[in-house]
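Please look at the model shown below with this report beside it. The text goes through helix packing, then the contact between the chains, and then some features of the backbone.

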Amino acid sequence: MNPRILLFLTSAAMLAASGLSGQVTFDRIIAAEKEPQNWLTYSGGVASQRFTKLTQITPENVKNLELQWIYQAKSLEKFEATSLVVDGILYTVQAPNDVIALDAVTGRIYWTYSYSPEPDARPCCGRINRGLAILGDTLFMGTIDAHLIALDAKNGKPLWNTTVASAASGYAITHAPLIVKDKVIVGTAGGEYGIRGFIAAFDIKSGKEAWRFYTVAGPGDPGRNSWAGDSWKTGGGSIWVTGSYDPATNLTYWGVGNPGPDWNGDTRAGDNLYTNSVVALDSDTGKLKWHYQFSPHDEFDYDAVQVPVLADMDWKDRNGQTRPRKLMFWANRNGLFYALDRNTGEFLAGTPFVEVNWMKGFDEKGRPMRIPGKTPTTQGTLIYPGNQGGTNWYSPSFSPGTGLFYIPAWVNYSSIYVKTDDDEYKEGRRYAGGLPRSPVPFARSAQNFRKEQEGYGAVLAIDPRTGEKKWEFKMSDVTDAGILTTASNLLFSGGREGYFFALDARTGAPLWKAAVGGSVASGAMSYAVNGKQFVSVAAGNSLFTFALRQ
Amino acid sequence: MIHRLLLATLPLLLSIPLAAQHEATQGDVDDGRRLYISNCALCHGPEGGSVPGVELGHGKFLRASNDEGLKTIILKGIAGSAMPPHTFTDFQAGTVVAYLRYMAASSTDATAVRGNAASGKAIFEGKGNCTSCHRVRGSGSRVAPELTDIGTIRRSVELQRSLLEPDAEVLPQNRYFRVTTKDGTTITGRLLNQDAFTVQLLDLKEQLVTFSRSDLTKSAFLDRSPMPSYKDKLSAPELSDLVSYLVSLKGIVYQ
């Protein structure tokens, strides 16, 4: 027998015999779609489509979904994590930074790892965490005090703990790390604290930093001249959702947050590279291959902190010819849906998916053309979309089945942008230069008193080839929920109204809902154990897991 | 008539003191109002006159002569007094000052102070027929806003405006909503909550009801407030009495 085949058979037999002991190799991660029973990365695969090939739950039987188990977090912080599932074990994070391993069928706890962040940790927008990464038998978590921690996935014992940046200076890590080969990649949040953001890779065995890419160009960088004076030193450029990876080119893609101070750009004249951009980095070296800046010299807090969604499709070029292309789809906080060539960064198309009044189209190179006067002032300027954006960090989804791109959107939503000049940079303190206001005051409460003029939340289905809206599922309240689609043409999402629901991904028709009693501020994921498909989502302070009634 | 005239000239009056000191905007005033109601009104009252010797609502301050002085007091408090420091930003303190200036500019007259609250109570329960919709300390209907503590959150000038021009400002939670079911029944009530799938109302029979949107053919807000205007229904002294009564409603006092 060919020794290679023998080796293959032996390993396959060992895997089968050992049941749960199969190590998560990087080859398994980049081919995650071949084992849809597992959910191996934050977005379900390195292409970040948040799409599952599992088809047991269908538009016809989804009405028979019923609750299997709830994990109630011992934390009152928002539960924003997407769980990982590996061979029947579910790993999630109880905010801010406790890691829990559960049985994915019963919800019973195997182990808990408790972490107490430094008292200096002060993330802007909640003491939260969005999830974990796994490689081999090791879990990786970034913490709100900007540490990166490796844990043994079998017992939750820490293996190493690396300080990535200073919490006292305003740095934090809130997103799930990304594994590429033998490295774990994270970036730093803190865009409202005058940080100089960066993306860095760490050796998975030692936790030692392998490379670092500053998201704010400094001395010696080609983008240095896009920052006036010393403004780069406090330029922001935060990272707070997980990037993507293309094995064909070895590029890793990350969305970069807003420049600081947020709402007053006077001290930072220039485009402020690489804020509000997508950067494509060589994953071995961290060197910049290309970038595309969605919102140059941003003054609206339009972080490009969205999940880069990678897809291969036939694409009609400007000359009318159709050819297969390696694409990146991006629904941006600035209200526009983009298609880019992910090998070169070439801008292919940009279309508003909600009302947009800060720009009026693109120049030849794909740079947005600003509208004069649409800028924050001391009196306030009404801008669409408003400060939370047309969308935000909420995971979108791309279904290769329907060919549609799905966006959790805030429709007809605006803010009055006021700039102030009373902010001086003080280490670790808020450095934002103004504030956005709602044009329609409203009281937040358990009830929904939102007025129509304030805009509404929706799930939008977009044809990525044209940017055309195919359907809209309208909610009364807004949404922070990600979207999961399935190969059986289902779409799962939720919102602040406190429902977790299923729509027909082809038409947007509502098919099923569960009142989960708390805002869904996470992206759903799906897995299977012993042939049974589960759908799991965090809402309020708990994790809810559903499967078909048997 | 005099009230309407004063209301009509309000924006004009406002622009003078504000423009003179600081470029305050309506947004500043709105933000400042929210901060004032949640941080300041507990001691100073909605009219700004609850602390003896201080008339925030009339621009009379003991220790500050300009906006900067007011901001300093708001931020740092007054040592040795009951005035505590606040953790506002400088900008937020500025919006509170903008609201104080607005209060002074819009405190049109002493209507409420001149009225007789006891007479106002009689009008509220009698001629005004207010209890057919509003409720105070357990008496009256629930279909309009509960007024037991209205004097802790609304100024006399605002209450007066609501009586004369009920449509001028309707808070989102006080809007009326009307649904039509598939069998043609129409139900009106106060909207208590709504979402993509359901609507919750307090109907005009004071019942809490939920509708599934899939059972409805129509659902919409009513354009206008259901409250009638008392412009031609009450005399000026009666209006003063009624406003005085509303201002006197400070909630349930625990013994």
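In this predicted model, helices H3(B) and H5(B) pack at an angle of about 95°, with their axes 7 Å apart; axes here are lines fitted to C-alpha atoms, for helices over the stretch in contact, and angles run from 0 to 180 degrees between N-to-C directions. H3(B) is therefore roughly perpendicular to H5(B), a label given to angles of 65 to 115 degrees, while those under 35 count as roughly parallel, those over 145 as roughly antiparallel and the rest as oblique. Helices (H or I, at least four residues) and strands (E, at least two) are DSSP runs numbered from the N terminus. On the H3(B) side the contact (heavy atoms within 4.5 Å) includes B:Val29, B:Leu35 and B:Tyr36, and on the H5(B) side it includes B:Phe91, B:Tyr99 and B:Met103. By class, this contact has 11 nonpolar, three polar and three charged residues, where Ala, Val, Leu, Ile, Met, Phe, Trp, Tyr, Cys and Pro count as nonpolar, Asp, Glu, Lys and Arg as charged, and the others, Gly among them, as polar.

Another pair in chain B is helix H7 (residues 117-125) and helix H10 (residues 236-248), whose axes come within 7 Å and cross at roughly 95°, so that H7(B) and H10(B) are also roughly perpendicular to each other. Among the residues that make this contact are B:Ile123 and B:Phe124 of H7(B), together with B:Leu242 and B:Tyr245 of H10(B). The contact of H7(B) with H10(B) has six nonpolar, four polar and three charged residues.

Turning to the two chains, 23 residues of chain B are in contact with 24 residues of chain A. Between them the chains bury about 2,000 Å², 55% of it on carbon and sulfur atoms; buried area is the accessible area (1.4 Å probe) that two parts lose on being put together, summed over both. In chain B, the residues that lose the most area to chain A are B:Phe91, B:Pro172 and B:Phe197, which together make up 29% of what that side buries. Helix H3 (26-44), helix H5 (90-106) and strand S4 (186-194) of chain B each give two or more residues to the side that touches chain A.

A:Asn276, although not a glycine, has a positive phi of about 50°.

Residues are numbered from 1 along each chain as its sequence is written, and chains are lettered from A and ligands numbered from 1 in the order in which they are written. Local features need pLDDT of at least 70 and side-chain atom pairs count only at pLDDT 80 or more, whereas totals for chains, interfaces and linings use all residues, and side-chain values use heavy atoms, with hydrogens and water left out.
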